[in-house]
Amino acid sequence: MGVLMSRRQTVERVQKVSLAVSAFKDGLREQPSTRRRAEAGTARQGTLEQEVQEGEEEALAGPSQPEESSASKAAWERLRDGRGVEPEEFDRANRFTPPAFIRPKRELRDDEPPDISLEQREQILNDEMCEICEVWTAESLFPCRICHRVYHDGCLRRMGYLQKDSAVEVTETAHTETGWSCYYCDNLNLLLTEEEMYSLMETLKNCKIIPESCLTLDDFLHYKHQVHKQQFERTMPEAQEEQAALQFNALDPDKKGHIEWQDFLSHESIQLLQKIRPQNALLRLLTPKERERARAAFLALDQDNDGLIGEGECRQARHTWFRKHQKEMLSCNVSISHVGPISEGSPASSRNSKSPEKILPGTKQEETRSVDWLGFLQENVAYILAARPNSAALHLQPLA
């Protein structure tokens, strides 16, 4: 008990210091000129970050009012730090301070093929204590379906990650086959390194994208045209424009006429990862739970147990299991570590069979090419990662 109290006291002291730092930062935010002078004199700021901040100030300078400029700058800072949307009116006095997030760094061996065996199953173990308060209370913990972390709903509320609308959803889905992704796994943007994040921010600024704003179809297509022209110095073909329109519809499942900022950011993050990192590096991002689900899906498709499946079956898995975990899946008493594809006789499978997007099994031409276990992972890894967010949006639309 003494160890537990000591740990909690340490957490409380860290929270108090963090609150003081947050209050100090808020005071600086109200004085933009003072803040810029302080940042300019800080030796820890790297050259690349200084250039980005100078570009922010130049982009914000113009006819906009000072209040709008300050809000926009704060939004860019939240994007850079991976904090997501953080309304200024949020009551900070009655919540925990979110932990500082350190973006990942690339390792020299990241591009080498990882050793992911098909035969050897991996043991799935969740943490025993809440990630936030580090207290064990057994059944009241909510596990993440992607990583090993577990949480209390009260801690998530005090952190600001669990609002009234999402509280019931987390309670209902965390212990079902559908599962719930924690705030680390829910945000695909947190997979980007600092260099990759700066590259994405530069693209967004050049295309005049306002952070934390919703995008209509015209905005989305205009952005895609600009990105294509900057990269290839030519107009985007009509076929790619049609594919972009399909991606917009996938990001707007409720047909609201616009896509939310977080969904757009996750889509652009996974797109950037596909362009910059080789498939072996993406495979290293998979968690044990994701690898187990992929392993179970491959074994279910490999009916003759020869370690090979047809190309059509690989494509079918991409359009069904890996494209998104359906939120309307019925609740069941299944552990969050449950792995495996949806059975054909399940209620979720019967609903999918009525969907117009149902992909039929591969043709004979597709079946001529066989796919092994490693090839199956490499071709589907981006879709496995894209299925992490809790949002109903489809962040990576498979090609038809």
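Student: Is Tyr-223 buried or exposed?
Tutor: In this predicted model, Tyr-223 is buried, with a relative accessible area of 1%.

Student: And which ring does Tyr-223 pair with, and how do the two sit?
Tutor: Tyr-223 forms an aromatic pair with Phe-264, and the arrangement is edge-to-face, at 5.3 Å centre to centre and 75° between the planes. Because Tyr-223 lies in helix α8 (residues 217–232) and Phe-264 in helix α10 (residues 261–276), the pair ties together parts that are 41 residues apart in sequence.

Student: What else is Phe-264 in contact with?
Tutor: Once its neighbours within four places in sequence are left aside, Phe-264 is in contact with Leu-204, Ile-209, Leu-215, Phe-220, Tyr-223 and Ile-259. Phe-264 also belongs to one aromatic cluster together with Phe-220, Tyr-223, Phe-248 and Trp-261.

Student: Which residues touch the most other members of the largest nonpolar core?
Tutor: That core has 52 residues, and those touching the most other members are Leu-79, Leu-204, Ile-209, Phe-264, Phe-322, Trp-373 and Phe-376. Helix α16 (residues 373–386) gives the most to this core, with nine residues. Apart from it lies another core, of 23 residues, which includes Cys-130, Cys-133, Leu-156 and Met-159.

Student: Switching to cysteines, how many disulfides are there?
Tutor: The count comes to zero disulfides. For Cys-155, the nearest cysteine sulfur is that of Cys-133, 3.7 Å away, whereas a disulfide needs the sulfur atoms within 2.5 Å. Cys-155 counts as buried, at 8% relative accessibility.

Student: Last one: where does the charged end of Arg-149 sit?
Tutor: The charged end of Arg-149 sits over the ring of Tyr-184, 4.1 Å from its centre. Tyr-184 and Tyr-183 are both buried.

Key: Residues are numbered from 1 along each chain as its sequence is written. This is a predicted model: local features need pLDDT of at least 70, side-chain atom pairs count only at pLDDT 80 or more; totals for chains, interfaces and linings use all residues. Side-chain values use heavy atoms; hydrogens and water are left out. A nonpolar core is a set of buried Ala, Val, Leu, Ile, Met, Phe, Trp, Tyr and Cys residues joined through side-chain atoms within 4.5 Å. Buried means under 20% relative accessible area, exposed over 50%, partly exposed in between (1.4 Å probe, protein chains only). Helices (H or I, at least four residues) and strands (E, at least two) are DSSP runs, numbered from the N terminus. Contact means heavy atoms within 4.5 Å. Rings of Phe, Tyr and Trp (its six-membered ring) pair if their centres lie within 6.5 Å; planes under 30 degrees apart count as stacked, over 60 as edge-to-face and the rest as tilted. A charge sits over a ring if NZ of Lys or CZ of Arg is within 6 Å of the ring centre and within 35 degrees of the ring normal.
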